[in-house]
Amino acid sequence: MNFAVSSIRDCRSLNDVAGLADIPTSVIDIDIMIGEFDALGRGLGPEAIRLVVEVALSDPTVPFMMACARLDNPVSQLAFAKAGFRKDREFDDVPNGLHMLMVRHRQEGQVA
Ligand SMILES: CC(C)(COP(=O)(O)OP(=O)(O)OC[C@H]1O[C@@H](n2cnc3c(N)ncnc32)[C@H](O)[C@@H]1OP(=O)(O)O)[C@@H](O)C(=O)NCCC(=O)NCCS
């Protein structure tokens with residue numbers, strides 16, 4: 001299973017173009033791809049995302065997490081929703097097409 005976890009700061013100019021300029025630079029962006037066919041559709045994705053979120057949000061300087069799922073990828077949107085992300089807005093990630101911005105804030109009672 002591969003993860004990409006990056007600071008939004010790395011792609012600030014792209015965010016301006018996509019209309020995401022309001023996202024704080026300290027937000028962590030998460031992407032995931034399960035490469036093993038047999039491992040798909042068994043709930044491993046949301047579980048792995050939850051673990052990464054827990055580690056990332058333990059850093060108090062990280063205000064929230066974000067993920068960008070293609071509009072034509074409902075499985076990805078479902079996986080992030082199962083890990084506590086909610087839909088924030090659609091945006092056009094030129095030239096990669098329409099995406100759904102999903103965000104995950106600290107939950108009530110979460111320490112960091
Ligand atoms: C997106 C991904 C990480 C999700 O991980 P996963 O472990 O397969 O997720 P889940 O098993 O929890 O499935 C998520 C939901 O989609 C549904 N689903 C899974 N595969 C499906 C399929 N082929 N067709 C329809 N629904 C499907 C599941 O039933 C589940 O919904 P449910 O909880 O209501 O039953 C994984 O599918 C993946 O790596 N896909 C390829 C790369 C990719 O799209 N990455 C995301 C980029 S933002």
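The buried residues of H3 pack against H2, E3 and E5, where buried means 20 or more other C-beta atoms within 10 Å of a residue's own, with C-beta atoms placed from the backbone. The model is predicted, with local features needing pLDDT of at least 70 and side-chain atom pairs counting only at pLDDT 80 or more, while totals for chains, interfaces and linings use all residues. Residues are numbered from 1 along each chain as its sequence is written. Helices (H or I, at least four residues) and strands (E, at least two) are DSSP runs, numbered from the N terminus.

**Helix H3**
- Ser76, Ala79 and Phe80 are buried in H3; they lie on the same side of H3 because they cover an arc of only 95° around the axis, taken from the directions from the helix axis to the C-beta atoms.
- On the other side of H3, Pro74 and Val75 are exposed (12 or fewer such C-beta atoms).

**Nonpolar core**
- The largest nonpolar core has 17 residues, of which Ile30, Ile49, Ala67, Phe80, Ala83 and Met102 touch the most other members; such a core joins buried Ala, Val, Leu, Ile, Met, Phe, Trp, Tyr and Cys residues through C-beta atoms within 7 Å.
- Leaving aside neighbours within four places in sequence, Ile49 is in contact with Ile30, Ile32, Ala79, Phe80 and Ala83 (C-beta atoms, placed from the backbone, within 7 Å).

**Ligand shell**
- Among the 18 residues around the ligand, Ile34, Gly45, Ser76, Leu78 and Ala79 come nearest, a residue being near if its C-beta atom, placed from the backbone, lies within 6 Å.
- H3 supplies the largest share of this shell, 5 residues.

Terms used
Two residues are in contact if their C-beta atoms, placed from the backbone, lie within 7 Å.
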